[in-house]
Amino acid sequence: MYANSRHIVSNQQHLHPRLAAVVARHLVTVSRKPMARHNIQAFEQLQRRLQLSPRALVLDSFCGTGHSTVTLAERHPDHLVVGIDKSGRRLQRHPPLRPDNCLLLQADCAAIWQLLAARKLAVDYHYLLYPNPWPKARHLQRRIHGHASFPLLLQLAASGRPGRLQLRSNWQTYVEEFGVALHLAGVRGSVSRVSAAQALTLFEQKYRDSGHSLWQLSADGGRATP
Ligand SMILES: C[S@@+](CC[C@H](N)C(=O)[O-])C[C@H]1O[C@@H](n2cnc3c(N)ncnc32)[C@H](O)[C@@H]1O
């Protein structure tokens, strides 16, 4: 199929000059956002599923329609695979058939990360597939690695089990920034190009069909040796 989606246009051509300062500030600040009721209710849904069938977790944060969550549930049959997105409109477009080990939550990702981290719940694999790029330089702090919730994500990855992180985007700069932010936090990772056949989400498929490359940061959650 031929498509013609535009490439990311940004007034930022390289890593953001304030990246290190912003990440360093967040790494020493505890994020204390008040928790909205609907996020607590979504988390309670997750807890009920774990009580019924205790399993280790896989997160598909910013899952959109949850197509990737279904694929990941098939890939991780022994885990509970949880797709999280704040948009009810997107989630309503989920695939009709979902495996038993797949749960979709309408919630803010940072809130669910905060609740998981507070209960020291282990996340074995964490996928962040095509997050909103926020390409304007002034929007650095809306990107995952520039946001105050970034340390929460690290707590999940670094908890007891060897959490593995995968972030993917068609904007190479975003992926590299995420890798540098992880490095500043002492977590190893590497950037690579993903083969076109491996698109997991509707956004990834759309940009692949327009000929864009897909970039990936993979980290094993392990701490870098000093
Ligand atoms: C570019 S879309 C990608 C969706 C999906 N991963 C894909 O590739 O098809 C980004 C998604 O992030 C969701 N989102 C943005 N900020 C969020 C937040 N703080 N918490 C939960 N979802 C969020 C949006 O609703 C949107 O569905």
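**Exercises on a predicted model**

Leu-91 sits in helix H4, which spans residues 88–91. The model is predicted.

**Exercise 1.** Decide whether Leu-91 is buried, exposed or partly exposed.

*Solution.* Start with the cut-offs: a residue is buried with 20 or more other C-beta atoms within 10 Å, and exposed with 12 or fewer. Next, take the count for Leu-91, which is 19 C-beta neighbours inside 10 Å. Leu-91 is therefore partly exposed.

**Exercise 2.** Find what Leu-91 touches beyond four places in sequence.

*Solution.* Set aside the residues up to four places away. The contacts are then Thr-65, Gly-66, Asp-85, Leu-104 and Gln-106. Now check a C-alpha distance: Leu-91 and His-67 are 24 residues apart along the chain, and their C-alpha atoms are separated by 9.5 Å.

**Exercise 3.** Describe the largest nonpolar core, then follow Trp-113.

*Solution.* The core holds 61 residues. Those touching the most other members are Val-82, Ile-84, Leu-105, Ile-112, Trp-113 and Phe-178. Helix H5 (residues 109–118) supplies the largest share of this core, seven residues. Finally, look past the neighbours of Trp-113 within four places in sequence: Trp-113 contacts Ser-149, Leu-152, Leu-153 and Leu-156.

**Exercise 4.** Work out which residues and elements surround the ligand.

*Solution.* The ligand is surrounded by 19 residues. Gly-64, Ser-87, Tyr-130, Thr-201 and Phe-203 are the closest. Two or more residues come from each of strand E2 (80–85), H5 and helix H8 (202–209). H8 gives the most, three residues. By class, the shell has ten nonpolar, four polar and five charged residues.

Terms used: Residues are numbered from 1 along each chain as its sequence is written. This is a predicted model: local features need pLDDT of at least 70, side-chain atom pairs count only at pLDDT 80 or more; totals for chains, interfaces and linings use all residues. A nonpolar core is a set of buried Ala, Val, Leu, Ile, Met, Phe, Trp, Tyr and Cys residues joined through C-beta atoms within 7 Å. Helices (H or I, at least four residues) and strands (E, at least two) are DSSP runs, numbered from the N terminus. Two residues are in contact if their C-beta atoms, placed from the backbone, lie within 7 Å. A residue is near a molecule or strand if its C-beta atom, placed from the backbone, lies within 6 Å of it. Ala, Val, Leu, Ile, Met, Phe, Trp, Tyr, Cys and Pro count as nonpolar, Asp, Glu, Lys and Arg as charged, and the others, Gly among them, as polar.
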